[in-house]
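These are my notebook entries on a structure that I looked up today.

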Amino acid sequence: MPVLIKICGLKNETALEAALEGGADFVGFVFFAPSPRHLDFTTAHTLAARVAGRAGKVALTVDADDAMLAQIVEVIKPDLLQLHGSETPSRVTDIKTRFKRPVMKALPVAEAADLAAIADYSAVADRLLFDARPPADATRPGGLGRVFDWRLLENLDPGIPFMLSGGLDPDNVATALGVTQAPAVDVSSGVERASGEKDPDKIRAFIRAVRQTDGATKTKLASTA
C-alpha cells in the first residue's frame, strides 16, 4: 500500500490547497494556543470546509478537556483526533467513547526505553505517532523539528497503524522510510519557510519525495518477484 502522508499545522488556504492538490492523505489543524500553528475556531471552520472529503481531517490537541474537544468536533468534524500531550491510556479510551472519533496518540521517542509505552497505548488507540522527544527545557510538546534515531523503529510492529514524525523534510523522508518502513509520515516544520508559516513548494516537494520512494519500492519488489 502507498505510504500515507499527513501535512500538519496548516493555517491558510494557500498551504491547504498545496497539500490537497499534491495528494496528501491527511491534513492537520492545531488547537493549542502556545503553538505558532494554533488556529482559532473561525479560521478552522473555513479551512475544514475547503477539505470537502479530499483528505482526512486531523485535529491536534494537547491535554484538551472535554469542552475544548467538543468545540473542535462541532467546528471541523475531524476524521481523527490526535492527542499530543500526556494523555493516559484511560483518557484515550474516554475520548474515543465520548466523541466517537478514531484517536491517534503521539509518543515521544529518544531511546529504546520510550517504546515500552507502545503496549498500553496500542490496546486503546487507533493509531500511534512516533515523534522526537522534546528537550527538557521545551515549552511545547512534540519533536520541534528534531530528528530521533529512526533505527529504534526498525522491524517495529505495534499491532496498529503508526505514523513517523519528528524532523522530517523533503530531503530526508526517503531515508527515514527506508529505515523504518513506516506506513505513514507526518510533517509540519519541515515544510515551513518560517515557524508556523508553510511553504507550498516544500509541501509539494515533500509529497513528491514520498511518492517517488513508493514508486522505487514497488519497482524493486517487482524486479525481485
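**Entry 1**

I looked up Asp63 and noted it as partly exposed, because its relative accessibility is 42%; buried means under 20% relative accessible area, exposed over 50%, and partly exposed in between, with a 1.4 Å probe and protein chains only. The model is predicted, so local features need pLDDT of at least 70 and side-chain atom pairs count only at pLDDT 80 or more, while totals for chains, interfaces and linings use all residues. Residues are numbered from 1 along each chain as its sequence is written, and side-chain values use heavy atoms, with hydrogens and water left out.

I placed Asp63 in the loop between β3 (56–61) and α3. Helices (H or I, at least four residues) and strands (E, at least two) are DSSP runs, numbered from the N terminus. Asp63 is not a glycine, yet I noted a positive phi of about 50° for it.

I then turned to Lys77, in the loop between α3 and β4 (80–83). Its phi is near 50°, a positive value in a residue other than glycine. Lys77 is partly exposed, because its relative accessible area is 49%.

**Entry 2: the loop between β2 and α2**

I located His38 in the loop between β2 (26–31) and α2 (41–51). His38 counts as partly exposed because its relative accessibility is 29%. Leaving aside residues up to four places away in sequence, I found that His38 touches Lys11, Val30, Phe31, Phe32 and Ala33, where contact means heavy atoms within 4.5 Å.

Which backbone atom lies 3.0 Å from a polar atom of the side chain of His38? I identified the backbone nitrogen of Phe32.

Ser35 lies in the loop between β2 and α2. I recorded Ser35 as buried because its relative accessibility is 12%. The side chain of Ser35 reaches the backbone nitrogen of Arg37 at 3.0 Å.

**Entry 3: Lys198**

Is Lys198 buried or exposed? Lys198 is buried, because its relative accessible area is 4%. I placed this lysine in strand β10 (residues 197–198).

I found a polar contact of 2.6 Å joining the side chains of Lys198 and Glu192. A polar contact is a pair of N or O atoms within 3.5 Å; within protein, one must be able to donate a hydrogen and the other to accept it, and residues adjacent in sequence count only if both atoms are side-chain atoms. The side chain of Lys198 also reaches the backbone oxygen of Gly9, at 3.2 Å. Not counting residues up to four places away in sequence, Lys198 touches several residues, among them Cys8, Leu10, Ala15, Arg37, Ser188 and Ile203.

**Entry 4: helix pairs**

Two packed helices are described by the angle between their axes and the distance between the axes. Axes are lines fitted to C-alpha atoms, for helices over the stretch in contact, and angles run from 0 to 180 degrees between N-to-C directions.

I began with helix α1 (residues 13–22) and α2, whose axes come within 11 Å and cross at roughly 25°. That makes α1 roughly parallel to α2; angles under 35 degrees count as roughly parallel, over 145 as roughly antiparallel, 65 to 115 as roughly perpendicular and the rest as oblique. The contact joins Glu13, Leu16, Glu17 and Leu20 of α1 to Thr46, Leu47, Arg50 and Val51 of α2. By class, I recorded four nonpolar, one polar and three charged residues in the contact of α1 with α2. Ala, Val, Leu, Ile, Met, Phe, Trp, Tyr, Cys and Pro count as nonpolar, Asp, Glu, Lys and Arg as charged, and the others, Gly among them, as polar.

For α2 and α3, I noted a packing angle of about 35° and axes 8 Å apart. Phe41, Ala44, His45 and Ala48 of α2 make this contact with Met68, Gln71, Ile72, Val75 and Ile76 of α3. The residues in the contact of α2 with α3 comprise seven nonpolar, two polar and no charged.

Lastly, I looked up helix α3 (residues 66–76) and helix α4 (residues 89–99), which pack at an angle of about 45° with their axes 11 Å apart. The two helices α3 and α4 are therefore oblique to each other. In α3, Asp66, Leu69, Ala70 and Val73 meet Arg91, Asp94, Ile95, Arg98 and Phe99 in α4. I recorded five nonpolar, no polar and four charged residues for the contact of α3 with α4.
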